[in-house]
Amino acid sequence: MGKQAFDRRVALANALSSSSTPVELPARPAHKDSGHERGKGKGAGRRKKEPSPEPRQKTKKEVEEEQRKLLEENESRRRAFFEVEAQKKVQECKSADTSVTFVEDRDSRKPVAVSDISEFWRCDLGVLPFMPDDNVGPVEVPEGVDVHDRLEYLKMLNEQLQQVLRMRFHVFWSQVIYDQSLRRSLDSYLRFSLRAHDVEEGSGDAPAVDAGKDPIAAEELQVAAEISRRMLAVFLRLSRPQETSHDFLSDAKFSEVIYEHHLFDVPKLIDICSIYGDSNRSTVTKIVHSVFLHQPRFKEDFRMVVQHMLGGLHQCCSPLQRLVGSGAAVGATAAAGELSFEECLAFLPDVLSCFNAIFCFFPEECVGLLLGGSLEGGGVPLADLMVALHEAVTTLQQRAEAPPSDRLASVCGTTLSLLSRLLSCVLGFRMAPRKGAAAFDELLEWLKLQADRGALLSDLRKHGLENVALDWLASGLVDDAQLDYLEQLCGPLLPKEARTRRRNHASAPPRSGAAASSSSSGKAAATPASDAAKIREVREVVGSEYGEGFVLQCLLHYSNSVPTVVGAILDGSLPPQLAALPIGLGLHQDPSAAVAPAQGRAKLSAEDKARVMAQAGRLEEEASAAGEEGGG
């Protein structure tokens with residue numbers, strides 16, 4: 001037994017105790033079992049908890065499957081969000097300048113709203129400008145130009161234009177607004193592309209080239225023709241603020257964009273007319289009238305352009321007139337500060353084509369401003385100036401070396417045809433049927449004054465005066481004797497079938513409105529080819545919601561002038577008697593019966609009613625004649 005530990009309390013107790021028996025401290029109570037010393041038998045305490053088994057590790061395939069499902073769920077939620085936003089956008093039907101499109105942010109992968117007209121949608125096309133050397137066709141290849149390089153550029157430009165045309169509406173407008181290189185290319189094409197009078201007569205847009213002998217030239221012509229068509233399509237799209245019910249720009253934004261970003265201006269519109277007017281009359285009319293309709297400021301700009309145009313015409317005319325008056329030879333040196341003979345003939349076709357473009361496609365108000373402008377050196381009327389210029393060019397052509405060179409003959413011929421066409425437009429505007437029957441007498445008097453200018457009258461007959469005569473024939477304001485006298489002055493103008501139809505109609509008994517209506521309901525009247533073509537042309541521009549009968553009444557009022565009718569409908573400037581008609585009026589409906597007798601609504605005048613009934617009778621007679629010819 002080992003030595004016990006010393007305890008002070010025990011030692012003190014033994015010292016004080018009188019007994020011989022030593023004092024012992026009581027034993028300490030046993031400590032409670034801490035659990036470690038519990039018995040192992042039944043009821044000795046709680047049984048120790050068994051350790052839980054470790055979770056099973058997932059295989060690589062299971063982990064990848066879970067990740068795939070998570071990605072699919074996220075992608076499904078993402079698609080659902082964009083679909084909901086797209087549907088909401090369609091339902092709201094906001095203009096492109098106020099609506100937004102949700103796209104996924106590249107960094108955060110979260111959807112963010114982007115304005116539909118924004119630089120975000122612009123892509124780097126890298127469009128290069130079109131230069132004069134890039135023209136192909138009736139022009140010689142300039143020195144130093146590699147035709148292979150030019151063909152590669154034309155192919156690239158063609159593909160870029162195709163890409164632009166395929167863009168969605170708001171992407172297209174964002175590209176045009178924020179891509180300066182694209183706008184520069186469009187502008188350069190209008191400036192340097194060949195005009196209609198630059199192309200060889202009868203060659204069309206692409207002169208025939210033997211692909212076997214010159215495959216490069218043949219391919220160039222094909223690509224150039226595609227570029228020309230796509231350029232026109234781009235400008236047509238630029239002129240339309242709306243493509244569908246949910247793809248549109250607000251009128252305010254559209255007018256601001258085309259003006260502030262110089263997508264259109266008066267010179268550009270004239271260039272479009274000069275390049276495409278002869279071969280794409282309907283499309284060009286749509287472009288011009290839509291631009292003037294949505295941006296009235298262009299009419300104010302036209303006032304400033306008029307004087308510059310008249311000044312340019314005077315600058316080309318004066319040297320030629322002075323050369324003719326002095327009797328100098330064609331190659332004589334021009335006075336200081338004046339254009340030479342060659343320069344005048346080089347510039348005149350472009351200047352005259354600009355004037356013709358305005359007369360054929362611009363609103364009537366602009367034509368009036370052009371005729372009302374004053375020329376330098378005195379207020380010479382435009383018609384008189386054209387007569388003097390025609391005489392000067394004819395004289396210079398005769399003074400040239402005999403025989404004249406092919407180039408000189410071609411340039412003079414082009415200039416004379418453009419002059420005659422412009423002069424016919426001036427006469428047709430100043431002396432139109434809408435001015436009354438007295439205007440026809442004025443036309444006859446003017447032609448009598450030119451009786452000693454046989455070449456002028458011959459050129460007028462070939463280039464446009466026929467249209468003036470047809471307008472008077474359709475108006476019903478002149479009789480056969482007056483038309484015969486017109487043809488005595490100028491030569492044959494009117495087709496024989498047109499005169500025959502007029503005589504047949506004059507010899508037929510008059511029809512009442514009710515009879516004409518009942519007859520047309522039982523038998524479809526055949527519209528003359530000229531009237532049907534003009535009705536179709538107007539409806540292609542203004543829309544098919546305008547009925548053929550409504551368009552016919554407008555043509556009758558405006559002397560069968562398609563540009564004037566289109567302008568009046570688009571500008572909303574129809575006279576009250578036409579504005580009162582339902583726009584869906586059919587060809588065989590009685591206009592007077594179609595007008596609802598509403599209080600304060602304008603009615604057709606007696607003169608207009610008589611004209612309409614006469615036209616209906618003429619259509620019926622022509623239908624009967626067509627039926628008899630078909631039966632024979």
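Reader: Which side chains meet Arg 150 in a salt bridge here?

Author: In this predicted model, the side chain of Arg 150 pairs with that of Glu 220, at 2.8 Å from N to O. To read such a contact, look at where each partner sits.

Reader: Are Arg 150 and Glu 220 buried or exposed?

Author: Buried means under 20% relative accessible area. Arg 150 has 6%, so this residue is buried, and Glu 220, at 4%, counts as buried too.

Reader: What does Asp 271 meet in a salt bridge?

Author: Asp 271 meets Arg 195, with 2.7 Å from N to O. This pair also links distant parts of the chain: Asp 271 is in helix 8 (residues 266–276), while Arg 195 is in the loop between helix 5 (180–192) and helix 6, 76 residues apart. Both Asp 271 and Arg 195 are buried.

Reader: Where do Glu 300 and Arg 303 lie?

Author: Both are in helix 10 (residues 297–326), 3 residues apart, which is about one turn of the helix. Glu 300 is partly exposed at 46% relative accessible area, and Arg 303 is partly exposed at 43%.

Reader: Which residues do salt bridges with shared partners join into one network?

Author: Glu 75, Arg 78, Arg 79, Glu 104 and Arg 109 are joined in that way.

Reader: And how many salt bridges does a search of the whole structure find?

Author: The search finds 29.

Notes:
Residues are numbered from 1 along each chain as its sequence is written. This is a predicted model: local features need pLDDT of at least 70, side-chain atom pairs count only at pLDDT 80 or more; totals for chains, interfaces and linings use all residues. Side-chain values use heavy atoms; hydrogens and water are left out. A salt bridge is a side-chain nitrogen of Lys or Arg within 4 Å of a carboxyl oxygen of Asp or Glu. Buried means under 20% relative accessible area, exposed over 50%, partly exposed in between (1.4 Å probe, protein chains only). Helices (H or I, at least four residues) and strands (E, at least two) are DSSP runs, numbered from the N terminus.
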